[in-house]
Every structure is written in C-alpha cells, then in structure tokens.
Amino acid sequence: MIAPARFAATLTLCLLSLPATAWAQPHATASGDAVALYGPDNLTAWLVMFTDSVKRTPAERAEMVANFGFKKVGFEAFKKYLPILEEQMEEYAKRDIEVTSVYLVVETDKPSEEEQVKQILDVLKRRGETPQIWAMFSRNSFKEVSGEERNQRLIAAFSDLAQCVDQSGCQLALYNYGSWFGKLDVQLAIIDGVRDQTGIKIGTVFNFHRGHQHMRDFPQALQRMMPHLFAVNLNGMNWKDADYDGGGARIMPLGSGDHELTMMRQLADSGYRGPIGIIDHRSGVDAEVALQENLTGLEKLREELKSPAAE
C-alpha cells in the first residue's frame, strides 16, 4: 500500500498554517485563493475506473478512494459499468464519499429515450441523490451534416436531455472531450440554445487534458466559460502541445509539465471556485499509483502557488 493518507494530512497542515487573514478577508491574495482552490476539501477523484489496470470490486475501489482522503468522486457510466452503478454508489456512501458527477456518452437525438439514461436516472431517483450529469456525443457523431445543422441537432438533443435531468433534480453539464465537440464556440452555442429552448441552465466541464488548444488564450477562454463552468479537471501540461486540438488526450501527472502551474494560477485569478478534479486516466497504470502521483505533484504545485507569480 502506498500510504496515500499522508497526503490529506499534509495538505490539512498546510491549510492550517496559512495566516488567519487569508481566511478572514472576503478577497484574499491571489496566491491565497489559489492555495485554497486546490486544497483537499475541494478535490474530486475522477476517472478512477475504466483505465485502471487493477480490476477492483466496487468495495475495493471505494476503499482506495477513501484512503486518499477524497470526499467527492465521479462515476464513469459507460454501458459496461451501468450494472454496478448502484452498488458503487452504496460503497462510496458507506465511507462518507459523495458521488458528485455521473458521466455518459449519449448516442441519439433523443437521449431521454436511451436505456442508459433511464437506468442512471432510475438509480439516482431510488437513492435520492442528485449528482451532476456530465454528457457528450462522441467525435464520430454528426459527421454527415454541416456545422450549423450539427449545432441545431445538438441543441435539440441536449434540450431533450436537460429536461429529463432537470426533472430528476440534477444539473446537466457538457463534458469537454476535445475535437469539434469541445470547441468553446460549439459548447457555448449549445448552452445558449438549450436555455433559449427550455429555460434550463446547463454548464460545461473543462478538462486540462482535452484543452491544449486553450493554453495560449486560457484567461480569455476562461472569461467566456466562467458563467457556465461547473468543474475543472487537472493534468500536467507541456507548452509544446499548445494549440493541439485533435481530440486525443495528452495525459501527464501533475507537476511533470511546464505549464500547468501557469494555468492553475490563471484559473484561480479568474474567480473560479468550483470543484477540482484529480484524474487517473492512464491506461495500463494502477489507479492508486496514478492518483498518488497526481496528488504528490499537486502538493508541490500548491507550495509554488504560495509565492506570487514571477513577472
């Protein structure tokens, strides 16, 4: 066992050592805000199943997440995992861990009629839980139509999904998976279109590992995203990958890149105070190892965030 519980204790001591004024003032210094944003109480374990090389049972997975000190986690509701959704949520609940998001890939223009959507919402209704629903279409969807027609079909599909999600007491967010679906103009067009058609506010999830095309203009992109930004998931980032928009993930542990610290400062400076995701998502790697590497890297970055950025 990697003894990951030390991370939560170390970060808690770091938070307690901050000057009292950092907490007393409604607008602390930028460095103080950044440290708090990435503190242990605001972290969510994300993507801890489908790339995990260890085939854990729901109980074993929940125990691993708990050992790291996480109190929030997401669930990847790919079809092969739907049968264990309720069991996995129960195992998390036993350990006082909240499932704050359920992710799915929708396939049709009427997602509310898809069996996977019905199954997810049925489990949530039965359990009385209301996590956010993170949804996307695959990159292979709508290849046969023009951009404008595609956007209109996306608006119609997500309007349909938003209404049934809203009726379940949950919120809907677009999952930024890169490629054409992750383009900011496309996501904002869907968000605005759904609001116009249904009156329902939906949001977006920004993934560092799918957002390399925004490395150069991240503050400006954040300004446009901010009214709709529900969650941000971190990743190591290298400047050489700036402008990459092919859709494929560039997965690196936190602290091993040369640009994630800059982006994390920019995120804190933007005023974002929502949840921060720590990902596994490295094929063939034990999720425990991947999470530990990211948490160790995050601890180092948090120490650097305590100091003002160099001019």
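In this model, L184, D185 and L188 of helix α8 meet A221, R224 and M225 of helix α9, where a contact means heavy atoms within 4.5 Å. The model is predicted: local features need pLDDT of at least 70, side-chain atom pairs count only at pLDDT 80 or more, and totals for chains, interfaces and linings use all residues. Residues are numbered from 1 along each chain as its sequence is written, and side-chain values use heavy atoms, with hydrogens and water left out. Helices (H or I, at least four residues) and strands (E, at least two) are DSSP runs, numbered from the N terminus.

**Helices α8 and α9**

- The axes of α8 (residues 184–198) and α9 (residues 218–225) come within 11 Å and cross at roughly 10°; these axes are lines fitted to C-alpha atoms over the stretch in contact, with angles from 0 to 180 degrees between N-to-C directions.
- That crossing makes α8 roughly parallel to α9 (under 35 degrees is roughly parallel, over 145 roughly antiparallel, 65 to 115 roughly perpendicular and the rest oblique).
- Sorted by class, the α8 contact with α9 has four nonpolar, no polar and two charged residues; Ala, Val, Leu, Ile, Met, Phe, Trp, Tyr, Cys and Pro count as nonpolar, Asp, Glu, Lys and Arg as charged, and the others, Gly among them, as polar.

**The nonpolar core and F158**

- With 94 residues, the largest nonpolar core has F158, L234 and L267 as the residues with the most contacts inside it; such a core is a set of buried Ala, Val, Leu, Ile, Met, Phe, Trp, Tyr and Cys residues joined through side-chain atoms within 4.5 Å.
- Helix α7 (residues 147–167) gives the largest share of this core, seven residues.
- Not counting residues up to four places away in sequence, F158 touches V106, A135, M136, F137, L172, L174, F181, I190 and V194.
- Both F158 and F181 are buried (buried is under 20% relative accessible area, exposed over 50%, partly exposed in between, with a 1.4 Å probe and protein chains only).

**Aromatic pairs**

- The whole structure holds 17 aromatic pairs; rings of Phe, Tyr and Trp (its six-membered ring) pair if their centres lie within 6.5 Å, with planes under 30 degrees apart stacked, over 60 edge-to-face and the rest tilted.
- One of them is the tilted pair of F158 and F181, at 6.0 Å centre to centre and 35° between the planes.
- F158 lies in helix α7 and F181 in the loop between β5 (172–175) and α8, so this pair ties together parts that are 23 residues apart in sequence.
- W46, F50, F78, Y81, Y103, W134 and Y175 are linked into a cluster by ring pairs.

**Individual positions in helices and strands**

- L121 sits in helix α6 (residues 115–127) and counts as buried at 15% relative accessibility.
- Aside from neighbours within four places in sequence, L121 is in contact with C164 and S168; the C-alpha atoms of L121 and S168 are separated by 6.9 Å, although 47 residues apart along the chain.
- Q152, in helix α7, is partly exposed at 41% relative accessible area.
- T44 belongs to strand β1 (residues 43–46) and is buried at 7% relative accessibility.

**Positive phi in loops**

- D96 has a phi near 60°, a positive value in a residue other than glycine; D96 is in the loop between α5 (85–94) and β3 (98–105) and is exposed at 55% relative accessibility.
- H281, also not a glycine, has a positive phi of about 55°; H281 lies in the loop between β8 (276–279) and α11 (287–305) and is buried, with a relative accessible area of 12%.
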